[in-house]
Amino acid sequence: MGSPINNRALFPCQEPPVAMSTWQATVRAAASFVVLMSGEHSAKPTQLQEGCSSWHYYVTMPMPASTFTIAVGSWTEMKPETCSSNDLAAERRSFSPSDADFGCVGVCCHVDYPCRFQNASAAIQEIIPHRVFAPVCLQGACQETLLPLVPLCLSAAHSVLGTHPFSRLDILIVPANFPSLGMASPHIIFLSQSTLIGRSHLCGTRLCHEIAHAWFGLAIGARDWTEEWLSEGFATHLEDVFWAKAQQLAPHEAREQQELRACLRWRRLQDEVRSSPEEMQVLRPNKEKTGFVSDSGSSVIKHGLNPEKVFMQVHYLKGYFLLRFLARRLGDDTYFSFLRKFVHTFHGQLILSQDFLQMLLENIPEEKGLELSVESIFQDWLESSGIPQPLQTERQAGAECGLVRQVGVEVEKWNRVSRRPRKRKRRGTEEVFEKLLPDQLVLLLEHLLEQKTLNPRTLQRLERTYHLPQQDAEVRHRWCELIVKHKYTKAYKNVERFLQEDQAMGIYLYGELMLSEDARQQQLARRCFELTKGQMDMCSAQVVAEMLF
């Protein structure tokens with residue numbers, strides 16, 4: 001696969017984003033292998049000789065070399081068991097009221113290439129052609145969880161932003177040692193096999209996040225790599241919007257789920273601010289020098305070699321909260337109408353933060369832009385460490401949504417269960433627990449992690465009540481944290497399984513196992529690392545090794 005800063009190890013290239021180019025490649029591989037690559041057509045293998053095939057891919061849209069990716073392996077194309085994506089498209093045409101915004105662009109501002117935004121048929125194409133590849137052992141999981149979601153999520157994205165920037169999409173399920181839950185490149189998305197376990201929620205939200213990168217991160221890229229929020233902040237904000245539409249939620253249900261996710265992200269942002277260096281919390285660290293390129297064409301990526309940066313989420317979270325703040329200030333209709341206009345104006349180009357903010361403030365009603373300026377947003381959100389003051393004010397004043405309040409009630413029930421002395425059950429005193437959404441389960445477990453003690457009896461009942469080992473990776477991660485904190489030895493097998501099968505999220509658990517200073521837990525961590533380090537991503541392996549030895 002490719003890499004954000006090391007594609008020059010694959011082929012000679014210039015890495016600054018401004019060095020955009022097209023590419024084409026012919027790849028020879030054993031006939032048993034499938035070759036997937038960033039390319040505009042779904043390549044089919046050409047037989048060269050016995051046991052050897054050739055695959056050809058190309059792109060006509062100039063893009064930074066860092067977006068190129070290639071994957072070669074023994075995969076099988078997964079086919080849906082029932083209706084086709086065309087049938088689903090016919091069943092589902094739920095455009096927003098602003099369909100007129102989705103027409104062809106008058107004049108494009110990018111360099112000349114065959115642009116889909118100038119193509120009338122592309123503008124109304126809700127669902128682009130797509131394929132899903134995975135190891136044959138995951139066929140059942142793909143058919144049950146992923147395949148039904150792809151057309152729904154693509155259609156939802158189109159209903160929000162309009163024309164899909166790329167003509168097709170391949171989705172590849174990557175193995176447990178992939179260092180993240182997902183990654184997007186032109187025409188191809190990598191999804192971790194961890195997203196297939198549990199209900200469809202994690203798979204759907206992650207797929208929506210990566211689909212959003214087609215617009216923000218790929219078709220529109222950051223001119224300065226330090227402004228990652230222009231990619232990750234937008235994708236994080238849009239994943240909630242896409243996912244609500246894909247589920248066909250009523251407006252009040254969508255708001256409730258989005259408020260619940262905002263609550264979880266607020267907690268994560270607070271944790272990140274408490275535990276990370278202040279200089280790493282700034283979204284625009286180069287300030288007025290952002291986007292500067294020397295006469296030689298070189299540019300400096302601040303903190304680019306810091307291994308901790310790979311595991312930080314501050315650019316996701318603060319970027320998300322900034323866009324949420326702007327959407328709430330303007331109103332969703334005004335904000336998303338502007339966002340479609342912004343996409344039409346800047347697709348095929350690289351941008352800086354001020355390009356987005358200046359156009360936003362120029363295109364909103366004066367009364368809605370009160371007290372907003374590019375300079376104030378820079379100061380409050382992008383060039384300061386810590387929690388932005390407008391966000392702090394909003395979270396202090398905001399009331400909890402119904403889904404969050406429901407979790408609070410369930411937390412109190414579990415606290416009562418944990419405090420209750422062990423004795424014969426009395427009729428009428430047994431707690432009855434409500435069924436919870438996956439995000440509610442995550443929040444519940446995070447609250448229970450704040451309790452000083454939970455006895456083994458309570459943990460065992462918790463596990464059985466919510467079938468925690470069968471939940472998605474986000475829920476199981478919090479469950480493993482509870483196991484580690486309370487030394488619940490009966491469930492150590494759950495931690496071992498997580499460290500081996502969900503490596504994209506397991507790094508934090510290694511740290512907690514070592515910090516516990518418990519000999520058995522430390523031995524568990526070292527044993528799992530010995531089993532997985534040979535397949536682990538190099539950067540992840542280095543970070544874990546520093547924790548363990």
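**Close-up A. The side chain of Arg284 makes a polar contact with the side chain of Gln354, at 3.5 Å.** A polar contact here is a pair of N or O atoms within 3.5 Å; within protein, one must be able to donate a hydrogen and the other to accept it, and residues adjacent in sequence count only if both atoms are side-chain atoms. As you look around, keep in mind that this is a predicted model, in which local features need pLDDT of at least 70 and side-chain atom pairs count only at pLDDT 80 or more, while totals for chains, interfaces and linings use all residues. Residues are numbered from 1 along each chain as its sequence is written, and side-chain values use heavy atoms, with hydrogens and water left out. You will find Arg284 in the loop between helix H7 (251-275) and helix H8 (314-330); helices (H or I, at least four residues) and strands (E, at least two) are DSSP runs, numbered from the N terminus. Arg284 has a relative accessibility of 4%, so it counts as buried. The cut-offs for relative accessible area are under 20% for buried, over 50% for exposed, and in between for partly exposed (1.4 Å probe, protein chains only). Leaving out residues up to four places away in sequence, Arg284 touches Glu227, Thr290, Ser353, Gln354, Phe378, Leu382 and Glu383; contact means heavy atoms within 4.5 Å.

**Close-up B. Helix H10 (residues 353-362) packs against helix H11 (residues 374-382) at an angle of about 130°, with the two axes 10 Å apart.** That angle makes H10 oblique to H11. Axes are lines fitted to C-alpha atoms, for helices over the stretch in contact, and angles run from 0 to 180 degrees between N-to-C directions. Angles under 35 degrees count as roughly parallel, over 145 as roughly antiparallel, 65 to 115 as roughly perpendicular, and the rest as oblique. The crossing of H10 and H11 is right-handed; that name applies if the near helix is turned clockwise from the far one by less than a right angle, and left-handed if anticlockwise. On the H10 side you can pick out Ser353, Gln354, Leu357, Gln358 and Leu361, and on the H11 side Val374, Ile377, Phe378 and Leu382. Sorted by class, the residues of this H10 and H11 contact are six nonpolar, three polar and no charged. Ala, Val, Leu, Ile, Met, Phe, Trp, Tyr, Cys and Pro count as nonpolar, Asp, Glu, Lys and Arg as charged, and the others, Gly among them, as polar.

**Close-up C. Lys368 sits in the loop between H10 and H11.** With 27% relative accessibility, Lys368 counts as partly exposed. Which residues is Lys368 in contact with, leaving aside its neighbours within four places in sequence? They are Arg329, Leu330 and Thr334. Lys368 and Thr334 are 34 residues apart along the chain, and their C-alpha atoms are separated by 9.7 Å.

**Close-up D. Helix H6 (residues 229-246) and helix H9 (residues 332-346) have axes that come within 14 Å and cross at roughly 120°.** H6 is therefore oblique to H9. This crossing of H6 and H9 is left-handed. Follow Phe234, His237, Leu238 and Val241 in H6 to where they meet Tyr335, Phe336 and Leu339 in H9. The residues of this H6 and H9 contact comprise six nonpolar, one polar and no charged.

**Close-up E. Helix H18 (residues 503-515) packs with helix H19 (residues 519-532) at about 145°, their axes 9 Å apart.** H18 crosses H19 in a left-handed way. H18 contributes Gln503, Tyr510, Leu513 and Met514 to the contact, while the residues from H19 include Leu524, Ala525, Cys528 and Phe529. Seven nonpolar, four polar and one charged residues make up the contact of H18 with H19.

Close-up F. Most residues other than glycine have a negative phi. Is Gln248 buried or exposed? At 56% relative accessibility, Gln248 counts as exposed. Lys287 counts as partly exposed, because its relative accessibility is 37%.

**Close-up G. Gln143 is found in helix H3 (residues 139-146).** A polar atom of the Gln143 side chain lies 3.0 Å from the backbone oxygen of Lys79. Gln143 has a relative accessible area of 19%, so it is buried.
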